[in-house]
Amino acid sequence: MEGAIDFRALEKELEEAIAADEKYQRENEAKFRAVHQKVATYEEFRDIVLASHLKPLEKKDKVGKKRNVLWNSHAVKANFKQESEVQLSQELEQLPKTSAEFYRDWRRCMKNSQERYQLLLQLGSQNLGQIFQTDLAFGFLGEFLAVFSENICLKDRDSVLEILESFSGTKRFGLNVELMSEQEKKNCRQLFEKLQRMGTDPSNPPDFSHATEGEGVPVTQIHCQADGPTEIKFMELMRLYKVT
């Protein structure tokens, strides 16, 4: 009926406002705490702010007990998979529709990076673009890149590229890229290297024999040996994510 109040929309808006206010207060307190501790580097300062959502263990918490909260994991695998075998967490009753719901489910329901990977894929570029249209919270871009780098498989390449493109359209994206830590930049570079290798013609694979063990191959060098319909988008994303 015309003129009727949409209470569901108001509720969601209120939840987002409360979550944003709590996040601001929590991170602001962490910043003051970091200044008071006189941390030596910006990296230490940034880590304290990023960890502001974590809570200390209580006496009732036992070692070995199943946890419902995921501790950050940014391990990166050397080789990419053909297909992902992990399903979305059964604790997730429905896909998040707002940033507040996403942040809540990302922390509470996703037990490992594989489940987080599946959540991002199931939401897809369009939904993620709408969820983070207003703002992508500080630190999450780095987490997304780490999850993609660790779990990317060949069949998901195009979907991941589309999601990366949708993130680049969020507000303050450039600032999020600038504020990435060295480890997050490394994860970003490794992700783009894997994406480029997946897009290389199997009949003419790039030669990595000259690469030093433990070191990555310059993405720009890989690109020179590959071509395809998505390469223009790929190179533009490299520029946006400042991968050189």
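Visitor: Does serine 168 count as buried or exposed?
Guide: Heads up: this is a predicted model, where local features need pLDDT of at least 70 and side-chain atom pairs count only at 80 or more, while totals for chains, interfaces and linings use all residues. Residues are numbered from 1 along each chain as its sequence is written, and side-chain values use heavy atoms, leaving out hydrogens and water. Buried means under 20% relative accessible area, exposed means over 50%, and partly exposed is in between (1.4 Å probe, protein chains only). Serine 168 comes in at 19%, so the word for serine 168 is buried.

Visitor: Leaving aside neighbours within four places in sequence, which residues is serine 168 in contact with?
Guide: Contact here means heavy atoms within 4.5 Å. The contacts of serine 168 beyond four places are Phe173, Leu240 and Tyr241.

Visitor: Whose backbone oxygen lies 2.5 Å from a polar atom of the side chain of serine 168?
Guide: A polar contact is a pair of N or O atoms within 3.5 Å; within protein, one must be able to donate a hydrogen and the other to accept it, and residues adjacent in sequence count only if both atoms are side-chain atoms. At 2.5 Å from the serine 168 side chain, the backbone oxygen belongs to glutamate 165.

Visitor: What is the phi of arginine 172?
Guide: Most residues other than glycine have a negative phi. Arginine 172, in the loop between helix 6 and helix 7, counts as exposed because its relative accessibility is 52%. Though not a glycine, arginine 172 has a positive phi of about 60 degrees.

Visitor: And what is phi of lysine 242 near?
Guide: You'll find lysine 242 in the segment after helix 10 (231-240). Lysine 242 isn't a glycine either, yet its phi is positive, near 55 degrees.

Visitor: How many aromatic pairs does the structure hold?
Guide: Rings of Phe, Tyr and Trp (its six-membered ring) pair if their centres lie within 6.5 Å; planes under 30 degrees apart are stacked, over 60 edge-to-face, the rest tilted. By that rule, the number of pairs is 15.

Visitor: How many residues apart are tryptophan 106 and phenylalanine 144?
Guide: These two form an edge-to-face pair, 5.1 Å centre to centre with 85 degrees between the planes. Tryptophan 106 counts as buried because its relative accessible area is 0%, and phenylalanine 144 is buried at 0% as well. Tryptophan 106 is in helix 3 (residues 99-108) and phenylalanine 144 in helix 5 (residues 140-151), so to speak distant parts of the chain, and the gap is 38 residues.

Visitor: Which element has the highest mean pLDDT?
Guide: pLDDT is the predictor's confidence in each residue, from 0 to 100. The chain's mean is 77, and 70% of its residues reach 70 or more. Helix 9 (residues 219-223) has the lowest mean, 48, while the highest, 97, goes to helix 5.

Note on methods. Helix = DSSP H or I, 4+ residues; strand = E, 2+ residues; numbered from the N terminus.
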